[in-house]
Every structure is written in structure tokens, then in C-alpha cells.
Amino acid sequence: MYILEAREHAEARGAKILARLLGGSQLFEAGVAGESRRGTAIAGTITAALAQANIQPRDVGFVSASASGSVEGDAVEAQAIERTMGQVKVTAFKSYFGDLGAGSGSVELVASILALHNGLVPPTRNYSQPDKACPVNVVKDKPLPLEKSVLVALNQSTTGQAAAVVLATP
């Protein structure tokens, strides 16, 4: 279960705060055929979430990519990340537990928050060879220390919906 509440309320009840929500965005890109629709929506949610959080891409420690495992879909997502954020570190939590359908985003968000809380970016499992169509800085082989205490978590569907949230340490 997630509990999203005002900091003052959480502190008053003695809650252990794991992360702060800085910004978020969701888009549905209708009317454009195929994967390009998703790329536009993903890039748009990243840009809007960063603007709402009042931070720049250089302030982000890592991106939690949706990474569906589809060659086309992963390339679209990776290109949107690179276009909007440059060479930020990227990890994919589905590599640990597979695609959980509608539950994937929720489980990935928990993993992202725990990574942020523990100060480590976990590697993407079973990643060995970069794909030229996926121009992102994938964390591989071993966890990396988190140098910046902000993350962007992404999720999207094959039909054009996309969401991004920006989280930071408390």
C-alpha cells in the first residue's frame, strides 16, 4: 500500500517517510499511429513532470524505465528518455520479476522508492549488449551508488497512455 499525505501529517503520526513526490504527469497521445504516439507521450510526461518538480534533467539520479521487453517499445521509450534527459542512468525493474500486467507500474514504483531510499541504483538484469536503437545509459552488472537523490519513474501502455513521476529522498 502507498500512503500519499502531507509531510506534516506523516511526521505527526511518526511515519517513516521513504520519498517525496515532487511532480508528475500523464498523457494520452491519440490520433497518431503506432509507436510514434508512445514516444511523444513518454517525452511529454517526462518534460511536464520535471517542470512541475522545478528541476532539470541534470538533477536526476536515475530513471526507472517501464522497459516492456518489446524491441520496438523499448527503443521508443529509450529514445524518449535520451531526447528529454540525455545520458541519465537507467534501470529496468521488470528484469527482476517480469511483466506483471496492470500491477507492473505499482511494483516498479515500490522498487524505485526502495532504490532511492537505499541510495543504490540496481542493475538491469540479463542486460549484456547495448542496442543502437536504445541510446540510454543502462545500469548493468552491479548496483551503482546514487549520486543524486531524485528519480523519474516511467510507465506507459501500447495504446498511447504514458505517466511519469518525480520522487526525491525525504
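Predicted model: local features only at pLDDT ≥ 70, side-chain atom pairs only at ≥ 80, totals over all residues.

Where is Asn54? Look in the loop between α2 and β2, with β2 at residues 62-64. Most residues other than glycine have a negative phi.

Now go to Asn126. Here too phi is positive, near 60 degrees, and again the residue is not a glycine. Asn126 sits in the loop that runs between β4 (120-121) and β5 (137-138). With a relative accessible area of 74%, Asn126 is exposed.

Let's step back to the whole protein. There are five helices and eight strands. In sequence order, the pattern reads α-β-α-β-α-β-α-α-β-β-β-β-β.

What about overall size? The radius of gyration is 15 Å. For 170 residues, a compact globule would come out near 15 Å, so the two agree. Along the principal axes, the C-alpha atoms fill a box of roughly 50 × 40 × 30 Å.

Of the 170 residues, 40% are buried. The protein exposes about 9,000 Å², and carbon and sulfur atoms supply 55% of that area. As for charge, there are 15 positive and 15 negative, and their mean positions lie 5 Å apart.

Find Thr84 in helix α3, residues 71-85. Thr84 counts as buried, because its relative accessibility is 19% and the cut-off is under 20%. Its side chain reaches the backbone oxygen of Ala80 at 2.8 Å. Leaving out residues up to four places away in sequence, Thr84 touches Ala43, Ile46, Thr47 and Pro57.

The other one is Thr40, in helix α2, residues 35-53. Thr40 is partly exposed, at a relative accessible area of 42%. Now trace the chain from Thr40 to Gln56. They are 16 residues apart along the chain, and their C-alpha atoms are separated by 19 Å.

That's my tour. Over to you.

Technical notes:
Residues numbered from 1 in each chain as written. Heavy atoms only, no water. Helix = DSSP H or I, 4+ residues; strand = E, 2+ residues; numbered from the N terminus. Rg over C-alpha atoms; globule rule 2.2 N^0.38 Å. Buried < 20%, exposed > 50% of the residue type's maximum accessible area, 1.4 Å probe, protein only. Areas by Shrake-Rupley, 256 points an atom, 1.4 Å probe, with all protein chains shown as cover. Lys, Arg positive; Asp, Glu negative; His and termini not counted. Charge placed at Lys NZ, Arg CZ, Asp CG, Glu CD. Polar contact = N/O pair within 3.5 Å; in protein donor to acceptor, adjacent residues only side chain to side chain. Contact = heavy atoms within 4.5 Å.
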